Amino acid sequence: MTRPFFSKERISHFELFGRKADNAIGQPKARLREGYAVDIQDIASRYTLDSATEFLFGQNVNSLSAGLPYPYTVPEASSGSHPANEFARAFGKAQHEAAYRFRFGLEWPLLEPFRHRTQDSMDIVRAFLDPILTEALDKKREAANTGLPQDKELKDEDTLLDYLVRHTDDHTLLRDEILNIMIAGRDTTATTITFAVYMLAKHPKALAKLRAEILSKVGSSRSPTFEDLREMKYLRAVINGKLTAHTVLFDFDPCANRNAATLSCGTIQLPYHSQGGLASVKDWREPYYVPPNTMVQYSVWMMHRRTDLWGPDALEFDPDRFLDARLAKYLTPNPFIFLPFNAGPRICLGQQFAYHESSFFLVRLLQAFADIELAPDSQPPESRAPAEWAGAPGRKGREAIQPKAHLTLYAQDGIWIKMQEDASNSA
Ligand code: HEM
């Protein structure tokens, strides 16, 4: 039902991104001028929540209007109980609780015999969604009562909800579908923006190169167009570099085909030797039989960090690996080593939407700000990388914050940064 909605024209919702991004960037400007650091995770989460709710059902929760939080060093300034903050908190908490259940597999209901642990959070989320769904269904009934023929086709001005109500009257199905896409689309893109900014703050050369591309292709003030973004190869490489270094979703669990008759030995190829142990790239094609109904988990997080797949510098954040000779050497012959959006029939429906939404934000951000740096003094102490991580092998030894995961990757207590406005563009 939802697939037609993710066509090229709709995923380039540039006007919507424009309005939200300008607001999302104006607010940190004001806060930085007050002399305080800002949490880029908080800003990106509000931008993506407002964009997703407007995109999906035409009403946004307006979380950008709730005001930005102050650093922990200003305890007297709380972010308060604005309804948008309550919705965002409940939405995040419900995901934490759902992720907790994964640990117990199908047995999780045994741990919650009397009350679902998601109950309180979901009450808040539903109190927001239910009136919107009821209104949409009422409108559909009114239209049907006019006796005029109702067109089921997707129209340009339709939100996803407008489109879905023409296909079903099932309130629960509609709510689940809308929520599913909000979960799929909101935190994933917020994480992409957050960790891209984190990596740019830690890699000033990449930041300077990206900014140069933005200024030469789009200039310092106008909004980017679909064509601009298509031409900005380094911007796409930065986002891909982020998606490799800090993948958003870690483990995928495809189920082997239920029908043994259609599961031939070669259909599932795993990077493991039949005798066990990691296989080298050349052994990938070796058939490996997986019995029907088997849950097969693979870790994209680990895959994106393997030196045998990505080369000796696999752990470096280096966007150029998507543009220089390393592209032809590693990725082109083995495209499935890069799987942030999964592949095949389960590939992310919102992939292009996510690229556009995050690209748009990064362009507007770097038009406004010439420099970004981490603000360790404003980062709550318990969320900084522990001292014992320093010098640890892999990326761990290089982290300044603590990456965590519920359904998606996030930074505990956000990522606090300071940014320098572009002096020539400081309106
Ligand atoms: C960088 C951001 C994003 C990442 C990394 C991402 C990643 C993924 C992944 C890995 C899957 C497959 C999950 C599985 O195999 O079970 C998926 C599915 C999906 N994603 Fe995304 N996603 C992103 C953004 C979005 C956005 C913005 C939307 C919608 C506006 C969206 C909508 C969906 C939907 C509807 C599915 C389910 C597809 C299906 O099962 O047919 N995603 N996404």
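## Charged side chains and the iron site

Asp 313 has a relative accessible area of 23% and is therefore partly exposed. The model is a predicted one. The side chain of Asp 313 forms a salt bridge with that of Arg 321, at 3.3 Å from N to O. Arg 321 is buried, with a relative accessibility of 6%. Through salt bridges with shared partners, Asp 313, Asp 318, Arg 321, Asp 324 and Arg 326 belong to one network.

The structure has 25 salt bridges. The table lists some of them.

| Salt bridge | N to O distance |
|---|---|
| Arg 19 and Glu 54 | 3.1 Å |
| Asp 138 and Arg 141 | 3.0 Å |
| Asp 313 and Arg 321 | 3.3 Å |

Arg 19 and Glu 54 form a salt bridge that links distant parts of the chain: Arg 19 lies in helix H2 (residues 14–33) and Glu 54 in helix H3 (residues 40–57), 35 residues apart. Arg 19 is partly exposed, at 39% relative accessibility.

Asp 138 and Arg 141 both lie in helix H6 (residues 119–145); because they are three residues apart there, about one helical turn separates them. Asp 138 is partly exposed at 34% relative accessibility, and Arg 141 is partly exposed at 45%.

Lys 217, Arg 230, Lys 233 and Arg 236 form a positive surface patch. Of these residues, Lys 217 belongs to helix H9 (residues 204–217) and is partly exposed, with a relative accessible area of 36%.

Which protein residue is the donor of the iron atom of the ligand? The only one is Cys 348, through SG at 2.3 Å. Cys 348 sits in the loop between helix H14 (325–331) and helix H15 (351–368).

Note on methods:
Residues are numbered from 1 along each chain as its sequence is written. This is a predicted model: local features need pLDDT of at least 70, side-chain atom pairs count only at pLDDT 80 or more; totals for chains, interfaces and linings use all residues. Side-chain values use heavy atoms; hydrogens and water are left out. Donors are N, O and S atoms within 2.8 Å of the metal (3.2 Å for Na, K and Ca); water is not among the atoms, so sites may look incomplete. Helices (H or I, at least four residues) and strands (E, at least two) are DSSP runs, numbered from the N terminus. Patches are made of residues with over 30% relative accessible area and no salt bridge: like charges are joined within 9 Å, nonpolar side chains (Val, Leu, Ile, Met, Phe, Trp, Tyr) within 5 Å. Accessible areas come from the Shrake-Rupley method with a 1.4 Å probe; for residues, only the protein chains shown count as cover. A salt bridge is a side-chain nitrogen of Lys or Arg within 4 Å of a carboxyl oxygen of Asp or Glu. Lys and Arg count as positive and Asp and Glu as negative; His and the chain ends are not counted. The place of a charge is taken as NZ of Lys, CZ of Arg, CG of Asp or CD of Glu. Buried means under 20% relative accessible area, exposed over 50%, partly exposed in between (1.4 Å probe, protein chains only).
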